[in-house]
Each structure stands twice: as structure tokens, then as C-alpha cells.
Amino acid sequence: MDVNLLKSKMILHGDTQRALAKYLGISEQRFSAKLNGKNNAEFHQSEILSIKRKYDLTSKEVDDIFFKTFVS
């Protein structure tokens, strides 16, 4: 997951983690865990779709944000 890309989309739309968590119907703590990959927390498909719609993301942007794998 490309956390920085998602955060940049949030900033462009004037959202905070709290605001996006509320929009998704989850706690701010749970959102933070998903954002940081803590405790194996991941965004569900329905949450990804909600974020896609909220920020009018293209399919490529969704892939870049949520499905990007980093190879070292």
C-alpha cells in the first residue's frame, strides 16, 4: 500500500484521518491501523470503493494506492 499517495489525496480534498474514518464508518484508531498495516489490518473492498468514489480515483490510482507492492 502506498500510504503517502493516499495521504496526498486526503490532503488535496481537505480531509483528515478522522474525517475519512468517519466517512468510512470506522474508528480513527482502526483507520490508523489499516493505514499503517498494524495488526494485519487492511482496507476492505467496500472501504476501497468508498474511497475511490469520494476522491474520484481512477482504477490505476486505486491500484497504485492499495495494491502496490514494493520490491527491494
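**Notes on the predicted model**

1. In helix α1, the buried residues are L6, K9 and M10. They lie on the same side of α1, because they cover an arc of only 100° around the axis. Buried stands for under 20% relative accessible area and exposed for over 50%, with partly exposed in between (1.4 Å probe, protein chains only). The arc is taken over the directions from the helix axis to the C-beta atoms. Helices (H or I, at least four residues) are DSSP runs, numbered from the N terminus.

2. The model is predicted: local features require pLDDT of at least 70 and side-chain atom pairs count only at pLDDT 80 or more, while totals for chains, interfaces and linings use all residues. Residues are numbered from 1 along each chain as its sequence is written, and side-chain values use heavy atoms, with hydrogens and water left out.

3. The other side of α1 carries the exposed residues N4, I11 and L12. The cover over the buried residues of α1 includes α2, α3, α4 and α5, where contact means heavy atoms within 4.5 Å.

4. Helix α4 has E47, I48, I51 and Y55 as its buried residues. Viewed down the axis of α4, these residues fall within an arc of 100°, so they line one face of the helix. Q45 and R53 are exposed on the other side of α4. Among the elements that cover the buried residues of α4 are α1 (3-12), α2 (17-24), α3 and α5. Just after α4, D56 adopts a positive phi of about 50°.

5. How buried is E47, in terms of relative accessible area? The value for E47, a residue of helix α4, is 7%. Leaving aside residues up to four places away in sequence, E47 touches L24, I26, K34 and E42.

6. Two packed helices are described by the angle between their axes and the distance between the axes. For α2 and α3, the packing angle is about 105° and the axes are 9 Å apart. That makes α2 roughly perpendicular to α3, a term that covers angles of 65 to 115 degrees. The axes are lines fitted to C-alpha atoms, for helices over the stretch in contact, and angles run from 0 to 180 degrees between N-to-C directions. At this contact, Q17, R18, L20, A21 and L24 of α2 meet E28, F31, S32 and L35 of α3.

7. Rings of Phe, Tyr and Trp (its six-membered ring) pair if their centres lie within 6.5 Å, and planes over 60 degrees apart count as edge-to-face. The count by this rule is 2 aromatic pairs. The rings of F31 and F43 are edge-to-face, because their centres are 5.7 Å apart and their planes stand at 70°. This pair links distant parts of the chain, 12 residues apart: F31 is in helix α3 (residues 28-36) and F43 in the loop between α3 and α4 (45-55). Both F31 and F43 are buried.

8. The rings of F43 and F66 have centres 5.6 Å apart and planes at 75°, so this pair is edge-to-face. Here too distant parts of the chain are linked, F43 in the loop between α3 and α4 and F66 in helix α5 (residues 59-66), 23 residues apart. F43 and F66 are both buried.

9. K54 lies over the face of Y23, at 4.6 Å from the ring centre. A charge sits over a ring if NZ of Lys or CZ of Arg is within 6 Å of the ring centre and within 35 degrees of the ring normal.

Key
Phe/Tyr/Trp six-rings, centres within 6.5 Å; stacked < 30°, edge-to-face > 60°. Helix = DSSP H or I, 4+ residues; strand = E, 2+ residues; numbered from the N terminus. Parallel < 35°, antiparallel > 145°, perpendicular 65-115°, else oblique.
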